[in-house]
Amino acid sequence: MSTTTVPAATREIQLASRPVGRPVPENFRLAESPLQELADGQILVRNLFISVDPYMRGRMNDVKSYSAPFALDKALDGGAVGEVIASRSGAHKEGDVVVHSLGWREYAVVEGSTASPARTDLAPASAFLGALGMTGLTAYAGLLKVAEFKEGDAVFVSGAAGAVGSLVGQIAKAMGASRVIGSAGSPAKVARLLELGFDAAFDYHDGPVREQLQRAAGEQGIDVYFDNVGGEHLEAALSVLNVGGRVAMCGAIAQYNSTEPTPAPHNLMQAIGKQLTLRGFLVGGQRQHSAEFAEKMAGWLSDGTVRYDETVVDGLENAPQAFMDLLDGANTGKMLVRL
């Protein structure tokens, strides 16, 4: 291990209590914890950016799910990118920039085998939490592998100005979609989608989603729906999907803070007559496509085919507010906290 002076403790954000409905500041606590000595194979990382993501809301509930619940009075975790400042791992040296899963803290002791290099010669470090990271893989695999997109398909994306949705629309265009439609939550976000190459976009606050989607799709209808929202958006998509249409069910942010059962969609029976395919997926089940995705996305970013937005909040202490703002749709593109 290097003789470089390393910190003995780290500031971190802990889960102080479990939210009921929408999270509030009192659910979180800024605390300090000691850092353990590095063991063989471990690295000490100074986090540069941490990711706050919608899926984290589910982990704040004490329920069995695909990802273990956050523990009370312990640091939360999530995607982070940072610089190695001490190493006892043969795979990483001091000065390397790596991606790992111990976010929500300033310093992290990480098993070297679980950290992956961030190619900062290809893109800024923050991109490896977004377009070149799990966010990008979610968009790529969800559209091409889960929804089985093919050239000529008409695609509808909900939450389209978010980190995943904005990439889905651009990937669809790059792969030859006949039409790409997005929904978002403000006029500014709608305008941004059109700048990114979406053929049509609408603000879901402007009227019933089904009516707006039908107008945007026209007689062509849609062949693929990439669902980040659930609820009314899923119901609308079922009504507009063509026979043989496919739905990639990525998220349901409209329901994450719900304390009552959500009624929609009422028209699920349309899936029978239209012979639709609805497939839920998790990015963890798509890792076999990582190398293919990384090569494609690096090329698209390099030549400008795909662009990405970031909403950056400064300071670890502001991470809880950034997360709450994310659930309220305050971000355009990827929501990040810069440390």
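Two strands are said to pair if DSSP finds at least two bridges between them. In general, strands of a sheet pair through backbone hydrogen bonds, either parallel or antiparallel. The model discussed here is a predicted one.

With that definition in hand, consider strand 8 (residues 154–157) and strand 11 (residues 222–227). These two strands run parallel and are joined by three bridges. Within this pair, valine 157 has phenylalanine 226 of strand 11 opposite it. Both strands belong to an open sheet of six strands, whose order is 10-9-8-11-12-13 and whose pairing is parallel. Strand 10 (200–203) and strand 13 (277–280) are the edge strands; each has a single partner strand, so one side of each is left without a neighbour in the sheet. From one strand to the next, the twist averages 15 degrees.

An antiparallel pairing is found between strand 1 (residues 9–15) and strand 2 (residues 28–34), which are connected over seven bridges. Here threonine 10 stands opposite serine 33 in strand 2. Is strand 1 largely enclosed or left open by the rest of the structure? Five of its seven residues are buried, so strand 1 is largely enclosed by the rest of the structure.

The loop between strand 2 and strand 3 (42–51) contains leucine 35. Leucine 35 has a relative accessible area of 18%, and buried means under 20%, so this residue counts as buried. Which residues does leucine 35 contact, leaving aside its neighbours within four places in sequence? They are Pro7, Ala8, Ala9, Thr10, Leu44, Tyr107 and Val109. For one of these, alanine 8, the C-alpha atom is separated from that of leucine 35 by 5.4 Å, although the two residues are 27 residues apart along the chain.

Tryptophan 104 lies in the loop between strand 5 (97–100) and strand 6 (107–111). Its phi is near 65 degrees, a positive value in a residue other than glycine. Glutamine 275, in the loop between helix 7 (270–273) and strand 13, is likewise not a glycine and has a positive phi of about 55 degrees. Are these residues buried or exposed? Tryptophan 104 is buried, with a relative accessible area of 0%, whereas glutamine 275 is exposed, with a relative accessible area of 56%.

Which residues line the largest cavity? The lining consists of Gly130, Ala131, Ala163, Ser166, Leu167, Tyr308, Asp309, Gly333 and Lys334. Helix 3 (residues 163–174) gives the most to this lining, with three residues. Sorted by class, the lining has four nonpolar, three polar and two charged residues.

Conventions:
Residues are numbered from 1 along each chain as its sequence is written. This is a predicted model: local features need pLDDT of at least 70, side-chain atom pairs count only at pLDDT 80 or more; totals for chains, interfaces and linings use all residues. Side-chain values use heavy atoms; hydrogens and water are left out. On a 1 Å grid over the protein atoms alone, a cavity is a set of points where a 1.4 Å probe fits but cannot get out, and a pocket is an open set with protein on both sides within 12 Å along at least five of seven lines; lining residues have an atom within 4 Å of a point. Helices (H or I, at least four residues) and strands (E, at least two) are DSSP runs, numbered from the N terminus. Ala, Val, Leu, Ile, Met, Phe, Trp, Tyr, Cys and Pro count as nonpolar, Asp, Glu, Lys and Arg as charged, and the others, Gly among them, as polar. Axes are lines fitted to C-alpha atoms, for helices over the stretch in contact, and angles run from 0 to 180 degrees between N-to-C directions. Buried means under 20% relative accessible area, exposed over 50%, partly exposed in between (1.4 Å probe, protein chains only). Contact means heavy atoms within 4.5 Å.
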